[in-house]
Structure formats: C-alpha cells, structure tokens
Amino acid sequence: MTGPATTTPRPAPRPPRRADRPGDGRDGDRPTRRRRPRQPLPSGLLLPALLALAVALGYPLVRQVVLSMQEFGLSQQFGRPPSWVGLENYRELVTDPYLWKVTVRSLVFCLVNAGATMVVGTGLALLMRHMSRPVRLVLQSGLLLAWAMPVVASLTVWQWLFDTQYGVVNWLLTRLGGDYEGHAWLLEPASFFLVATVVIVWMSVPFVAFTLYAALTQVSEDTLEAAEIDGAGPVQRLRHVILPTLRPVMLVVGLLQIIWDLRVFTQIYVLQKAGGTTRDTNLLGTYIYRLGIGGGDFGMAAAVAIFMLALTVLLTAPYVRAMLRQEES
Amino acid sequence: MARRAPRSLRVTANVVGLLAALVAVFPVYWMVNSAFLPRNKIRAPEPTWLPFGGDLDNFRTVLGGGTFWDALATSLMVTLSTVVVAVLFAFAAAVAVSRFRFRGRTSFILALLVIQMIPVEGLFISQYKMLESADLLNTVGGLTLVYVATVLPFTVWTLRGFVDGVPYELEEAAMIDGCSRTQAFLRVTFPLLAPGLVATGVFGFIQAWNEFTLAVVVMTREDRRTLPLWLSSFTEVNRGTDWGAIMAGSTLIAIPVVLFFLAVQGRMVAGLTSGAVKG
Amino acid sequence: MRIKRTLAGAALTALALTALAACGDDEGDGSSADGGPDKADIRVWLNGADTPDAAREWLKETFEEENPGSTLTIEQQEWDGLVEKLTTALSSESETPDVVEIGNTQAPTFTSAGAFSDLTDDLDDLGGDDLLPGFVEGATVDGSTYAVPYYAGAKYVFYRKDLFDKAGVTVPTTLDEFVDTAVKLKQANPDPANFSGFWFPGQDWRNGAAFVWDAGGELAVEDGGEWAGALSSPESVAGLETAQKLFAEASGAPKDGNEADPQTPFCAGEVGMMSTPSWVMGLLTDPKTGCPELADQVGVFALPGSDGGPAPVLLGGSDLAVPAKSGNQDLARKAIALMLSDEYQTILAENNLTPAKESLASLLGDDEFAQATIEAASNAKLTPAAPGWATVEGSRVLEDLFSGIAQGGDVAELAAKADEQMNSQLNG
C-alpha cells in the first residue's frame, strides 16, 4: 500500500515503503502491515458477508437492472406481463432537460453538504482530544442525542424552528432587533437550501465525529511524542501523524456522505411540504421519487436508480481511486 | 492526551465543544419539551421554552394500549440481531481483506464500495418478493437479513481500516512468544479494535433502529411492528397529527439508543486512555 | 489500466454474488376465478383510527354470526406508507388481505392497474345509486367499478361570529359575497398583521379547486381516452383569479405554507374564516388542543357557489375494495356488504363520518354542523380519475401552481405551465 495509512512513526512527510523488511513490532518503526501468502482461511471469513449480501441485495439488484429495461408499472406488479423496452426508459430520462437541471443542482448541494459535514465532523473529532473530560462527555452526549433522535421528530422540530409565523428562529431574530416577523425561510430556493443544509449537517455530523474520534484512538501517543521531541509543531503533527492515520476511515466516511447527500430525500421532501416551490427546490432524490415510485412506474424508477449509480461512481471516482491505491502494496 | 495540549487550545476546544453541544442538543431539547406540553402550547405565537404547566398526558397517550412494548420488543430483537450479525460478519471479512492476500481481494473491496452506492429506495419491491419466497415476511429474521446487508458494506470498510491500523508485527511478536496465529490475533489485535467495533456497532444500531421504508412493507402485522412503524400510527391524515404524542413517542424511542451507547462507549474511551496502539 | 481490470473484477464479483441468489420470480397468474371457500378467515385492513371500535366489534360479530365457521380479523394499518404496502402485499397471493380500505384519491392508481376485483355486478346489492356518486365514479375504469365508498370526510367553512358582528357582515350566500366578506374581515382587523379574513395558505390547492370548479373550470379533462390539463381554460383561469384575490386581499397565511394545523392560527385569533375538515371542531373545543373560549364563537356554513347553492368542493374519504389476488372473493364481498349496511354506517355517522350512502346523510343529525356537512357533500367533487393522477399529486404541480398564484404570479402563465406538466403525467 502507498502512503502511511496506518500508524506513521515519524513526523517525516512520507516514510518509504518497507513492506519487504520485517520489523520487530515493538519499536514503532513500521509503516505498513505485512500480509501472508495466500491461505485457505479467507474464504471462510468472507463467506458469511458474501452470502448475506448476495441473498439480500444480489437478486433485487439484478431485478433492478432488468426492470430498468422494461415497461413495468403497477399493472405489471399485479400480474400483467411486462413488455421489454430496451433503453427506452433511459432515453426518456436523459432527454428530459429538467433532469439535468436537477442533476447539477444536486451535485452542488451534495458537495457543499458533504464538505461542510466532513469539515465540522472532523474538526469536532480532533478538538475532542483537547477538551477537558466533562466537556467532551457533554459534547459526545449531545451528538449522540442528536443522532438518536427519530427522523420524524427531528424533521418536525426543525420545521417548527424555521416556521414562518410561529418559528423560534424568527422569534429570536425579531427579539434581537431583526426584521424577521413572518419571514418565510423556505420561499427563496437559496434560503430553502440553506435551511436544508443546516438540517442535514446537523443530522450527519454525529456519525462523522464519532467514527473519526474512534479512529483517532489509533493514533500512537509514542509517535506524537516523538514528533514533538523532534520539533514538530501542532500543525505538522496534525498533517504528518494524525491525518494519515485517519485517512482510511475518513475516505470511507466521506464517501458515504457523498453517496447519502447525493440522494438526499426525506429532508427535502419534508421541507417542500412545509414551504417553498417544489419545482425550484427538487433534488435528484425527490424528483426521482416523484418520477418513479410516487407514480408507480417502477421501470423508470429502476432506470433512474442505475443513472444515480453511474453518477455516484463518476462523482466518487477520484475517491475510489485513492482508496484502491491504498490497497496496492 | 489532553494533558499535553496548551492552555489556549484547551480553552478554545472547550468553548467550541460546548457551543457545538448546544446546537446539537437544542432540537432534542425541543422534542422533549414538546412531549410534556399540550398540543396548543407546542405551536403558538409565543414559544413555550420550559415545560411548566405541562403534564404526562402525551406519554399516557402513547403508552396506553400497551402497543409500545410489543414494538419495543420487536425493535430490540431486530436491531440487536442486526448489530451482532453485521459486526461479526463484517469483522471476519475485514480481517480477511486486511490480513490476507487472495485472488479477487481488490475486486471484493471495490464491489463493496459499489454496492454501497446503489440507491436502495427502489429495491423494496424486489426485497419483498425475495422475503416472500423464503417465507420470511413478518419475521424478525427476514427484516434482520435485509438490514444486515444494508449496513455490511460500510461496516466491512470501516473495520478494515481499524484492522489495518494495528501493525501485523504486534501479532508476529506474540507468535514468537508462542501463541498460535489465531491466539495472537485474539489477544493482541482484537482488544485494540474495540473503538472500531463500537463505532460500527452504534452505526448499525441507529440505522436498524430508525429504519422505516423496508419495515413498513415487511412487517404488516400489528404485533410485528417496529418502533418507527408504531410511531407512525400517531400521524393521522384524517384527524390531524397529534404532535405531542409524536414527540413523546420519539423521546421514548431515543432512550434505548442512548442506553446502548452508554453500555458500549466505555470501550471507546478505554481504547483512548490506555494509550491505544503502541505502534 | 489497473483500475479497469479491477472494475472488471468487481463486476464479476457482483455477478457471482447475484448468481447465488437466483430466487424464483413467479408472479402468479392472478386469477382467482372461483369465489373461494365457504369458510375462511377473512382479513380486513383498516387504516388509522377513523373506524370506531364499536363498528369494528359489530362487523366481526355480525360477520361470524352470519357465516358460521368463518372468522373475520381486522388488521390495523397506518396511512403512512400505505401505497408502498399495498403495492407489495396485494401482489402476493399468500399475503394479500381480503378487504382493504384505501384513500379515495389513491384508489384510481390501483383500480386502473388491476389490483382490485371488479365489483360492478355487486354494486346494486351494495347500495347502487345510493352510494356517493363521486366516489363510485372515481373508482370506475372503462365502465367497471373496482371500489366502493366507505365514508367521506366533509369540509366546510368555520367563521368567527364575534368578528362577523364587529365587521358588520353576515353569512355569505354566494361566492362573490364570500370573497367580499373575507376582504372586509381582513380590513376590519388590521392587527395582527397576519390576520386572515379567509385563511388560505399558498399550497392549499384542495380548497383552491373549489373556485376553479365553481367558475366552470376543471383540473383535467378526458377526450377520447386521453387526459389533458384544463387549468388554462378561460373558466379555470377565472376561478384561479378569484383565488388570487383571496390570497392577496384576504389571507394572512404564509404564501408558501400548507394547510396543516389550522387550529394554531385560529386560536391565536388570526383567522376570521377558514375552510377545514369537520373534525377540526373537535380540536378547537378541547382545552388541550384548541381554545374553547374562541370555539364558542364558531359558526359553520357550506362554501356557497356562484349560483347560491353549495359550491363544488373537493371531498376526502375512503374506499373499500377486494384485492384481485384474494382467495376469498365471495366472503370478502359479504364483509363489504356488511360495512355498507345501514347499521354499520350508522355507527360511522355517529362518529361524524359522512356515510357512504346519500340516504343515510340525515343520520348525522340536524344541527348546523350536520346541515353544513350534508350540504357540502351534496355537490362534492373528486380529483380526476386519470391513471396518472397520483403522479400529478406526487410531483406537487398544484401546490406549486397555487403557491405561485399566492405570491402574485401571472395566473394565465402559471396555469399554462401547470397544464404542460400535467399533460406528460396524466396518462400514466
């Protein structure tokens, strides 16, 4: 593997690859793990996961691909034989100019949200190391509560907070001297997406912060101390010791944020019900729901799902490449 | 760890931490506050900041009839099985990809990534058919199966990162000391993975605990409802939604998550305070 | 390219994964031609808390008495996620219930898809012409009826008597008078600023539809089997302009808001009139949910039309249907017959649900609420029975239209845009 994905012993930017050299395992002088030659064990270890995925996702996935090339609506669901339409669903999809508008909107929204979530989440995880114990506990409990709150409740509460007439946000801003009496937060698309971003970042940060904090436990104290003795400042230590250790988990978590934020549905759906103009605030998630499942056109819904998959793969290609590079030792 | 931090950094960290905690908690507080208020106080021109004058009526409403306990039992069974099975399966797979080299390894990892990217919202019909043909509808096992598959890719990936983080040399050293390979792994590496297991376990727990879309089609029998389905029974189209009941129900639903976290979070801290990996 | 090879490998892995899971995909032929066994357990899906317990008990007891050896089980379902649930369960012979309740605007999607059994031949036994006509029409495709009404929910106008007196207005008897009254109320109550002579949130197309219909317009029309949007017809536009006048001069509700929780602004003293479902009265009089002191001042009337009669309003409610894959067709029909019987419908009426049969409307009583209900229901309309109507509602074309009108947009332009969107959706 490239790069110090594991504990990096020295503050030096990048230790050379040394997969060929055995270490003694105690002096902290080993940049990478070693793997043994091929063994029969892995199949036994992999099989349970493989089976579970195959059974629960494999067949539905194949069916999804087949569906995407059929005309399959509710009638077919109730027994009428589906007709094969080849790529017609896809053609209809990509020739819809509104879809491309929504796609661009979704991409921007996704990158802003995933970026904001990662920055806030990573920042909190890093700062947690420096907080005094009680404060850290308070923050962790707070994040956990936010994470544990059922989605129905959190979306309802956020909707109330930003309510045009009875919202706490308007109430506070008015008391603070602003002209926010009856301010409609969802009316303008930009303001709508701002509220959506606040809600989504609030909902996603706990997961990121927790997972990265767990990953931080793998940062070697000894290495950090050694780095400090060698004269590395806090920024250098962060860059050369801490972040490289976090990297593999950050990549996964970041990838997940991109995937989730690209197909965000519930938050937008609920906010659209509360206000704003649906056509100006649709993202791929809500548009697709309306296109397919909402109208019972499952063939189209499947085509859209495949389209989303392709889009996600494209969007995350650099990420995936970085992850694979890690794999190649 | 915090001992080393300069004073200014620590103060900044504490201030940011408290502010962040406030923002994180406020909506939760609002939910709990609303749970104690009558419906005409929940939404009104003047916000009610503290539940003075409130009562337990909303909790009585949601707990009346005893349907909560059935749903709680189902949810606990589904969620705990999901967490245990997913973490076990994923852990095994993570060890395989991290500690062994075998043909198809990279492909497996990439496949996991791609699976993660597939929009699952539209899959519920096919998953329903699959469970139907296996006679698993309205069963804890059936729902667990689809949940496990949903959280597996992330869990494998994350745990893999954690296993990678423990240098193989630690195990080798133990083997030199006379342990078998498995023993070495269990005694040396496994304890260092606790934070990762906790993090992925909490993730799986919350995913399964709050899932609605699949549960609503799989669990159609009233006595097999999970908690989110139970909660949705207070969303009434024809009589107006009883928000007080929704908030009280949500508060009750959130409690087990907090308890679960409290039960496992010690492991996360333990990993930290023991100095973690002496790589 | 390394990446390429890995991708190919991943594809292979994915294929291998799926090969393991070659489950059967037999859809079944869906024909349950015979009426099913004489004795069986009939499963009835009812949604939410609308059906009172007394009705449930009566149904179970009577059915089991009249059909010895058979049982009837009511399985409680929720409105939330109902469409997804029906989409899956009704396609499965082993899982399908024998009788389902479904929202009257959800029904057309399923009737045109063959999910329900044809009830045309049973219509006469079930009530015939006495059944609420709008409901039967909405569940009829190509002359065959697939669902029957269960109950309706009436909607009428609530008004504040004290504010009427203060502003010196009386209960309007035509639509023009209604609009005038709303505007006058607003002018007479400058404080609070968001006071509504008529509370009309921007997304509320369900109330807005009445103005379109009253002016002679339609949401959509069928011509030679093809559905098309009709909002930009001159009649519809006239109706939409009435709505715009109300938005601009009479309503203080959010221009992009929805019609949920009307009791909140009402109890805050911000509403002179509002058109809401009848059960809102229960919320207003309860000290925990509403404001009994203001509720004392409430009067109701059915929204008047231009001709002086009741205006055509959108009627909500539920249908009953027998899933096509149910193996107990005959027994299921017997259960439905019981649910439409006078005894059963009386229990519903006593719980303020509008009965499924017109002849039973008098069961609601003769106070002003019952009068308003009966009057409103007498000229009620349903959403167009187009196969793609669910898509129109799903993509929120009408919410956008009315909210655009509320914000002062050009009516004709907005209506033309909405028609264009609907044209691509209405025909499924």
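Predicted model: local features only at pLDDT ≥ 70, side-chain atom pairs only at ≥ 80, totals over all residues.
Local features need pLDDT of at least 70 and side-chain atom pairs count only at pLDDT 80 or more, while totals for chains, interfaces and linings use all residues. Residues are numbered from 1 along each chain as its sequence is written, with chains lettered from A and ligands numbered from 1 in the order in which they are written.

Chain A comes out with 14 helices and 2 strands; these are DSSP runs numbered from the N terminus, helices being H or I with at least four residues and strands E with at least two. Of its 329 residues, 55% are buried, where buried takes 20 or more other C-beta atoms within 10 Å of a residue's own, the C-beta atoms being placed from the backbone. Contact here asks for C-beta atoms, again placed from the backbone, within 7 Å. Taking the contacts in chain A between residues at least 6 apart in sequence, 68% join residues at least 24 apart.

Where chain A meets chain C, 36 residues of chain A are in contact with 38 of chain C. On the chain A side, helices 1 (41–67), 2 (74–77), 11 (266–274), 12 (278–281) and 14 (298–327) each put in at least two residues. Helix 1 of chain A gives the most, with 8 residues. That side of chain A splits into 15 nonpolar, 16 polar and 5 charged residues (nonpolar: Ala, Val, Leu, Ile, Met, Phe, Trp, Tyr, Cys and Pro; charged: Asp, Glu, Lys and Arg; polar: the others, Gly among them).

Over in chain B, Ala248(B) sits in helix 13 (residues 243–273). Ala248(B) counts as buried because 28 other C-beta atoms lie within 10 Å. Neighbours within four places in sequence aside, Ala248(B) is in contact with Ala35(B), Asn58(B), Phe59(B) and Val62(B). Leu262(B) is 14 residues from Ala248(B) in sequence and 21 Å away in space, C-alpha to C-alpha.

Chain C is assigned domain 1 (41–146 + 316–372) and domain 2 (155–314 + 384–423), bounds that come from an automatic or database domain assignment. The centres of these two domains of chain C, taken over C-alpha atoms, are 29 Å apart. Their contact draws 10 residues from domain 1 of chain C and 12 from domain 2 of chain C.

As for helix 15 (residues 342–350) of chain C, its buried residues are Tyr344(C), Gln345(C), Ile347(C), Leu348(C) and Ala349(C). Their cover includes helix 2 (53–66), strand 6 (148–153), helix 14 (329–339) and strand 14 (354–355) of chain C. Following helix 15 of chain C is Asn352(C), with a positive phi near 70°.

Note on methods: Buried ≥ 20, exposed ≤ 12 C-beta atoms within 10 Å, placed from the backbone. Contact = placed C-beta atoms within 7 Å.
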